[in-house]
Amino acid sequence: MHPDAPLPFAETLSVLQTLVPPKLLSPRVGIICGSGLSGLGGSLKEVVLISYDRLPGFVQSTVPGHKSFLAFGLIGSVPVVAMLGRFHPYEGHKLSSVVYPVRVMAKMGVKNIIITNAAGALNPNLAVGTIVVVHDHIALPNLTGMNPLLGPQIDSSYSRFLPISDAYSRSLRRLVFQAAHQLSLDREALAEGTYAWVSGPTYETAAEGRFLRAAGADVVGMSTVPEVLAAREEGMNVMVLSLVTNMVVIPEGYKSVREEVEAELAGKVTEAVVDEVVSHEEVLTLGREKGDLMKALVEKVVEFIGNGNGGAV
Ligand SMILES: O=P(O)(O)O[C@H]1O[C@H](CO)[C@@H](O)[C@H]1O
Ligand SMILES: Nc1nc2[nH]cnc2c(=O)[nH]1
């Protein structure tokens, strides 16, 4: 596609019409599966999987733990559409491509979107395995010129200056806690917090981790915020669930190398310092371990939305 070509919504929708049975063509809920969380699509009933390469305007997910399929199906009796893999800017995808599937969902009538991700914890009170119900975000890229809404407006009916202080639907957030109650989850299984969006693909240095924590972020990841902005521009209710897959490496205090060497020269025995690092394998392992919990929560919330609960339909 030429970089300035208009987005091919009509073509994408027409392909979908030929591939998706009519009863699944008007999904009530959109779902985006984060790293290692594509199992969310595994329990859809009457599922129809469509490879992204069949859909004009879609690019490919190139990250391990993400599949390149759009899934249509039923959760209970509620028709949903799920991206089994997402697009990240660090893969080389343009922001307009990253958010294109969200806009397609909107054109299919999706009013509620559940966005999941894997994230590192900055808040030391969060444990690995916790699911954070996101209520706010910090997006340094947005503040410095990397915003998916930059440029000519896709639709003249959209607001030029979109307010996003209410981006994360309170009614949908309430549904997650109601779902956790019905599923008898421990209180510690869920937390509330602020997501920091960074471009990646590098993980944070210790100083960057400290900086983001000091700014008020609880978790950090390389996705989600562009999708949230596009979904809000499209008028959707947004819910974001971050699975804490690792603690961001923020050592308590810097252990001086000078002091270590000086101590050794003075004949003292020093404790070996091993620098910790994060890996994507660790992220995927945790996704596999906690995927069922994420799935159970998402399914329960979809069921609530289907019943018209929460005022978020
Ligand atoms: O946000 P998702 O896609 O879940 O993936 C997260 O995990 C990857 C890093 O391990 C990054 O892509 C980060 O954003
Ligand atoms: N930026 C970032 N993204 C992640 N995704 C999963 N874990 C992390 C992390 O520690 N940092």
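**Close-up views of a predicted model**

Leaving out neighbours within four places in sequence, M222 is in contact with H88, Y90, V198, S199, G200 and P201; two residues are in contact if their C-beta atoms, placed from the backbone, lie within 7 Å. This is a predicted model, in which local features need pLDDT of at least 70, side-chain atom pairs count only at pLDDT 80 or more, and totals for chains, interfaces and linings use all residues. Residues are numbered from 1 along each chain as its sequence is written, while chains are lettered from A and ligands numbered from 1 in the order in which they are written.

View 1. The loop holding M222 runs between β8 (219-221) and α6. Helices (H or I, at least four residues) and strands (E, at least two) are DSSP runs, numbered from the N terminus. Is M222 buried or exposed? M222 is buried, because 23 other C-beta atoms lie within 10 Å. A residue is buried if 20 or more other C-beta atoms lie within 10 Å of its own, exposed if 12 or fewer, and partly exposed in between; C-beta atoms are placed from the backbone. N117 is 105 residues from M222 along the chain, yet their C-alpha atoms are separated by 9.0 Å.

**View 2. The annotated binding site.** An unreviewed UniProt entry carries the annotation "binding site" for S35, H66, R86, F87, H88, A118 and S223. These residues span 189 residues in sequence, but no two of their C-alpha atoms are more than 13.7 Å apart, so they gather at one spot. UniProt positions are given in the numbering used here, feature names are shortened, and annotations may be inferred rather than shown by experiment.

**View 3. S35 and A118, two of the annotated residues.** S35 lies in the loop between β1 (29-32) and β2 (45-51). A118 belongs to strand β5 (residues 112-121). S35 counts as buried, with 26 C-beta neighbours inside 10 Å. A118 is buried too, with 26 C-beta neighbours inside 10 Å. Beyond four places in sequence, the contacts of S35 are V63, G65, H66, A118, V283, L284 and G287. On the same terms, A118 touches G34, S35, G36, G221, L243, T245, V283 and G287.

**View 4. Helix α6 against helix α2.** The axes of α2 (residues 95-107) and α6 (residues 225-233) come within 9 Å and cross at roughly 50°. Axes are lines fitted to C-alpha atoms, for helices over the stretch in contact, and angles run from 0 to 180 degrees between N-to-C directions. The two helices are therefore oblique to each other. Angles under 35 degrees count as roughly parallel, over 145 as roughly antiparallel, 65 to 115 as roughly perpendicular and the rest as oblique. Which residues meet? L95, V98, V99, V102 and R103 in α2 meet P226, E227, A230 and A231 in α6. Helix α6 is mostly covered: nine of its nine residues are buried. After α6 comes G235, with a positive phi near 85°.

**View 5. Helix α4 against helix α8.** Helix α4 (residues 170-182) packs on helix α8 (residues 280-306) at about 115°, with axes 9 Å apart. They are therefore roughly perpendicular to each other. From α4, L175, V176, Q178, A179, A180 and Q182 meet L297, K300, V301 and F304 in α8.
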